[in-house]
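User: Hey, I've got a protein model open and I'd like to go through its side-chain contacts. Can you walk me through them?

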Amino acid sequence: MVACGGCRAKNFITGELAPMQTIPCTKCGHPVMLPFRMRQFELRSVIASGGMATVFRAFDLNLEREVAIKLVKKDMAADPEVMKSFYREARVIAALNHTNILHVYTFDEFEGEPYLAMEIADNGSLDSRIEAEGRVHELTVLDVAVKIADALSSAMKHNILHRDIKPGNILFNGEGEPKLMDFGLGGTEAHLDSDSAVYGTPQYIAPEKLTRGG
């Protein structure tokens, strides 16, 4: 029996399931899997999956702590642009050390698939909280705003810009602390100044960026 990473319901999974292959939870439909050993990490459940990578809840058997593993999908690993973004994210976050920026512990590769081992923050995103509550409490908004602004200020001291600030990129850990994630579009000011393209999520890009005024 394996617990669902979404609703925690117990699911029976046959031992014939391939490594990292998932089936939908019988209660909520969230993908569930058999535990799988990768290096010193035991991947235990799926937190989220996107077009580029899958994020797993895992346990570091050496340091005996929970981590998140962001594993690039095999078909994406062959795309130079995807890998460029992935390497940039790893290096940018590794250069930062702030309470409200998701920490990267290590970067490695397993059977041709690059991965990041990161701090785990699986208590939902600000985006999901807005969707669930409709209107987030004013004190919560102020708390998140102040902490994320301080995180961005810390990044700026290293001449690093995020370029994709949005509620979906602000996660909460088990203690409710907001954590800024996804620096895949980020980079140094010098690097970004030489790039004429406009990046980010359309609804959240600053107007002056769209008009090239800033």
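Analyst: A salt bridge here is a side-chain nitrogen of Lys or Arg within 4 Å of a carboxyl oxygen of Asp or Glu. One caution: this is a predicted model, where local features need pLDDT of at least 70 and side-chain atom pairs count only at pLDDT 80 or more, while totals for chains, interfaces and linings use all residues. Residues are numbered from 1 along each chain as its sequence is written, and side-chain values use heavy atoms, with hydrogens and water left out.

User: Ok! Is arginine 57 buried or exposed?

Analyst: Arginine 57 counts as buried, at 17% relative accessibility. Glutamate 66 is partly exposed, with a relative accessible area of 37%. The cut-offs are under 20% relative accessible area for buried, over 50% for exposed, and partly exposed in between, using a 1.4 Å probe and protein chains only.

User: How many salt bridges does the whole structure have?

Analyst: A search of the whole structure turns up eight salt bridges. One of them joins glutamate 119 to lysine 179, with the closest N and O atoms 2.7 Å apart. Glutamate 119 lies in the loop between strand 10 (113-118) and helix 3 (126-133), and lysine 179 is in strand 13 (residues 178-180), so this pair ties together parts that are 60 residues apart in sequence. Both glutamate 119 and lysine 179 are buried.

User: Where do those helix and strand numbers come from?

Analyst: They are DSSP runs numbered from the N terminus: helices are H or I with at least four residues, and strands are E with at least two.

User: Which residue does aspartate 143 form a salt bridge with?

Analyst: Aspartate 143 pairs with lysine 147, and the closest N and O atoms are 3.2 Å apart. These two are four residues apart in helix 4 (residues 138-157), so about one helical turn separates them. Also, salt bridges that share partners join Arg57, Glu66 and Asp122 into one network.

User: New topic: how many aromatic pairs are there?

Analyst: The structure holds four aromatic pairs. In one of them, the rings of phenylalanine 36 and phenylalanine 110 have centres 6.0 Å apart and planes at 75°, so the pair is edge-to-face. Phenylalanine 36 is in strand 5 (residues 36-38) and phenylalanine 110 in strand 9 (residues 104-110), so the pair links distant parts of the chain, 74 residues apart. Rings of Phe, Tyr and Trp (its six-membered ring) pair if their centres lie within 6.5 Å; planes under 30 degrees apart are stacked, over 60 edge-to-face, and the rest tilted.

User: And how buried are those two?

Analyst: Both count as buried: phenylalanine 36 at 16% relative accessibility and phenylalanine 110 with a relative accessible area of 12%. There's also a tilted pair, phenylalanine 86 and phenylalanine 107, at 5.9 Å centre to centre and 50° between the planes. Phenylalanine 86 is buried, at 0%, whereas phenylalanine 107 is partly exposed, at 34%. Ring pairs link Phe86, Tyr87 and Phe107 into a cluster.

User: What stands opposite phenylalanine 107?

Analyst: That's leucine 116, in strand 10. Strand 9 and strand 10 pair in the antiparallel sense over six bridges, where pairing takes at least two DSSP bridges between two strands. The two strands form a hairpin with two residues between them, and glutamate 111 in the turn has a positive phi of about 50°.
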